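Subject: Structure for your files

Hello,

Here is the structure I said I would pass on. My notes follow below it.

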Amino acid sequence: MQKSLLVMAMGSILLAACSPLQVKLESKVAVPSQFERVAASPDAADVSQWWLTWHDPVLTQLIQQGLQNNHDLTAARANLQAARANAALAFADLGPTAGVSAGIDGHHAQVHNPLSPQTRKILSGLGASGLNRDDLSVTGHSEHASFAASWEPDIFGGKRSDADAARYASMAVTQQWYAVQMLLASDIADNYFKMRSLQKRMQIGQNTLASLTELRRYIDGRFKAGQVTDYDVRDVEIKRESLKAQLATLQAQADVYQRNLAVLTGQSPQQFHVPASVDILNHIPALPSGETPLSVLNRRPDVRQQYALIQASSAQLASAKADLLPRFNIQFIGQTGQLRLDSSTPELKGFGGLISAGVSLPIFTSGRIQRNIEVHDAQAQAALAHYDQLVLKSLAEVDSAYQLQSSLTQQNRYLAQASQQANAQVSKSSQLFKFGNITLDKVLLARINAQDIQDRLVQARLVEAENMLNVYKTLGGGWQAEQTAAQKNQ
């Protein structure tokens, strides 16, 4: 019998080296070699820290503070640690378990002696004096220790598949952490751009208001002289009051974006102020070049996350199929003990051990195993379909973002030229007024028109800057992987 158990144990150990069940899921999307709108280049641009290309120290500092102090990022990091611990727990189930236990017990028993006085006397004469008492008592203690071990060899990979599923789930959570980094950097930049845009527009608006105020004084003078009508006076005043109403809300909007920056960077909004810096909307960087569909798909956290979910579903399906196959187990227990009594009885000592190996095979489960396989197979196919759809969407987003950015750049180039021409027109009108060829209102209207075009250009550049952020997101830029201890010390 012992020989048979040993043979079964050795056979289980050898079979443990067999390859586990594997289920492969393949995407049906043919990834192209190039994008339509991305400029070719031998080296792809580094978009992992895209904010450095804007050359604004304030923006760089805000994003760095956000990546260090943002509470949403801290929560995502904690979720990542929990997922990794869960994966490690799943891998721990692959190994054997062993434990030791020990204890000591004391006991005391006292009962009334049921023997008659004559019987006690006879027994006492025979040397059993302990039985001559009215009450009988027994006192003693026992000691014991044991060692137990068990192991379920993962011959067909069911437990390994469960561990792989947990590991891939952990990888998916890792990609979520990367995505939070990416979105955080983009949100900080977006609020920063909007705040700077409003600050610039307030400056332009104040200059326009000053021009309208000067025009109002000039029109009032001409009205008193009978050269213009009341309609002209009211027309200028309407424009002036309308601009005042617009300026009254711009500061409040800018303050909202500044408070958003405080929250995103983990700081108190009441004492937070963004210092002055460069005119960032006037220095929008060029589109990153050299990106390929494969490089984008390998970088984007959402695509990488969905791919990890496919692998997790595949592992879960393999685990479900492993339930159709036999399961093996090996157990061992060894125990020793000692019993002592307060009588002349010698101590009782002993040692015992047991080793067992077994196998179980499902025969009838009312279709539970097959239904479980069908559930996980459907979930795996759904995960693969979501991945294929996400790949197609991601590839389309890149070309769309690049095309829109090129159009916005061209549009703003025309607006910048119009702004330059409007400023030149202001200079020419000033010269004409100086020599008496036109009246002052023509000069002021040319100035107001130039300021209006400048305000439109600031708004257009904000749209261009925001779409550039969308370009970075479609490329999957804005996150950094964890550094090892050696990398941090370098």
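What percentage of the residues of the protein count as buried? Of its 490 residues, 36% do. Please keep in mind that this is a predicted model.

On the overall make-up, the protein has 11 helices and four strands. Its accessible surface is about 28,200 Å², and carbon and sulfur atoms account for 55% of that. Taking the contacts between residues at least 6 apart in sequence, 86% join residues at least 24 apart.

Sorted by class, the contact of α5 with α8 holds 15 nonpolar residues, eight polar ones and three charged ones.

The second pair is helix α9 (residues 368–434) with helix α10 (residues 440–475). Here the axes cross at roughly 165° and come within 8 Å. α9 and α10 are therefore roughly antiparallel to each other. The crossing of α9 with α10 is left-handed. In the contact of α9 with α10 there are 22 nonpolar, 13 polar and five charged residues.

Regards

How values were computed:
Residues are numbered from 1 along each chain as its sequence is written. This is a predicted model: local features need pLDDT of at least 70, side-chain atom pairs count only at pLDDT 80 or more; totals for chains, interfaces and linings use all residues. Side-chain values use heavy atoms; hydrogens and water are left out. Ala, Val, Leu, Ile, Met, Phe, Trp, Tyr, Cys and Pro count as nonpolar, Asp, Glu, Lys and Arg as charged, and the others, Gly among them, as polar. Axes are lines fitted to C-alpha atoms, for helices over the stretch in contact, and angles run from 0 to 180 degrees between N-to-C directions. Helices (H or I, at least four residues) and strands (E, at least two) are DSSP runs, numbered from the N terminus. Angles under 35 degrees count as roughly parallel, over 145 as roughly antiparallel, 65 to 115 as roughly perpendicular and the rest as oblique. A crossing is left-handed if the near helix is turned anticlockwise from the far one by less than a right angle, and right-handed if clockwise. Buried means under 20% relative accessible area, exposed over 50%, partly exposed in between (1.4 Å probe, protein chains only). Contact means heavy atoms within 4.5 Å. Accessible areas come from the Shrake-Rupley method with a 1.4 Å probe; for residues, only the protein chains shown count as cover.
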